[in-house]
Amino acid sequence: MTFAETFKALSDPVRRRILELLKNERLSAGEIGSHFDMTGATISYHLGILKKADLVLESREKNFIYYELNTSVLEEIMLWISELKGGTSDVEKI
């Protein structure tokens, strides 16, 4: 996971909405797709970008693939932003 991939994934409103859907429960691609007016291929494309950025995890059960939020990546981003906002930097030492 790189921050560039993560921020690219977060830049799209559809992907942000998918993450919101996964906030409380894991869902199959079909369940995710039922919240949008787009093809299954488009949903798969967005899920692929989210997986590449490690923002979602997938698990297989029988004939279904379930997706869930990967909170560890979000925690890492929040920690970085928090440190950037309130931490000391080399500029302050000069």
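Is Asp 54 buried, partly exposed or exposed? Hi everyone, let's start there. This is a predicted model, so please hear everything I say as a description of that model. Asp 54 counts as partly exposed, at 30% relative accessibility. You'll find Asp 54 in the loop between H4 and S2. The backbone is worth a look here too: phi of Asp 54 is near 60°, a positive value in a residue other than glycine.

Here is the background to that. Most residues other than glycine have a negative phi.

A second residue belongs in this part of the talk. Lys 62 is not a glycine either, and its phi is positive, about 55°. Lys 62 sits in the loop between S2 and strand S3, which covers 64-69. Its relative accessible area is 86%, so Lys 62 is exposed, whereas Asp 54 is partly exposed.

Now to the helices. Two packed helices are described by the angle between their axes and the distance between the axes. Let's take H1 with H5. Helix H1 spans residues 3-10 and helix H5 spans residues 71-86. They pack at an angle of about 105°, and their axes are 12 Å apart. That makes H1 roughly perpendicular to H5, because angles of 65 to 115 degrees fall in that class. If you want to click through the contact, H1 brings Phe 3, Thr 6, Phe 7 and Leu 10, which meet Val 73, Glu 76, Ile 77 and Trp 80 in H5.

Together with Ile 81 and Leu 84, Phe 7 and Trp 80 make a nonpolar surface patch of about 380 Å². Which helix gives the most to the nonpolar patch? That is H5, with three residues. Phe 7 is found in H1. Phe 7 has a relative accessible area of 35%, so this residue is partly exposed.

While we're in H1, have a look at Glu 5, which is found in that helix. Glu 5 is partly exposed, with a relative accessible area of 25%. Leaving aside neighbours within four places in sequence, Glu 5 is in contact with Lys 52 and Ala 53. Glu 5 and Leu 55 are 50 residues apart in sequence, yet 9.8 Å apart in space, C-alpha to C-alpha.

The other helix pair I'd like to show is H2, residues 13-21, with H4, residues 40-52. Their axes lie 10 Å apart, at an angle of about 75°. That makes H2 roughly perpendicular to H4. From H2, the residues Val 14, Arg 15, Ile 18 and Leu 19 meet Tyr 45, His 46, Leu 47, Ile 49 and Leu 50 in H4.

Let me pick out His 46 from that list, a residue of H4. Is His 46 buried or exposed? His 46 is at 7% relative accessibility, so it counts as buried, the cut-off being under 20%. Beyond neighbours within four places in sequence, His 46 is in contact with Asp 12, Val 14, Arg 15, Ile 18 and Met 38.

Last topic: salt bridges. How many salt bridges does the count come to? The answer is three.

One joins the side chains of Glu 20 and Arg 17, at 3.6 Å from N to O. Both residues lie in H2, three residues apart, which is about one turn of the helix. Glu 20 counts as partly exposed at 47% relative accessibility, and Arg 17 is partly exposed as well, with a relative accessible area of 35%.

Another pairs Arg 26 with Glu 61, at 2.8 Å from N to O. This pair links distant parts of the chain, 35 residues apart: Arg 26 is in the loop between H2 and strand S1 (27-28), while Glu 61 is in strand S2, residues 56-61. Arg 26 is partly exposed, with a relative accessible area of 33%, and Glu 61 counts as partly exposed at 37%.

Then there is Lys 51 with Glu 58, whose closest N and O atoms are 2.9 Å apart. Lys 51 is partly exposed, with a relative accessible area of 31%, and Glu 58 is partly exposed, with 35%.

Methods:
Residues are numbered from 1 along each chain as its sequence is written. This is a predicted model: local features need pLDDT of at least 70, side-chain atom pairs count only at pLDDT 80 or more; totals for chains, interfaces and linings use all residues. Side-chain values use heavy atoms; hydrogens and water are left out. Patches are made of residues with over 30% relative accessible area and no salt bridge: like charges are joined within 9 Å, nonpolar side chains (Val, Leu, Ile, Met, Phe, Trp, Tyr) within 5 Å. Accessible areas come from the Shrake-Rupley method with a 1.4 Å probe; for residues, only the protein chains shown count as cover. A salt bridge is a side-chain nitrogen of Lys or Arg within 4 Å of a carboxyl oxygen of Asp or Glu. Helices (H or I, at least four residues) and strands (E, at least two) are DSSP runs, numbered from the N terminus. Buried means under 20% relative accessible area, exposed over 50%, partly exposed in between (1.4 Å probe, protein chains only). Axes are lines fitted to C-alpha atoms, for helices over the stretch in contact, and angles run from 0 to 180 degrees between N-to-C directions. Angles under 35 degrees count as roughly parallel, over 145 as roughly antiparallel, 65 to 115 as roughly perpendicular and the rest as oblique. Contact means heavy atoms within 4.5 Å.
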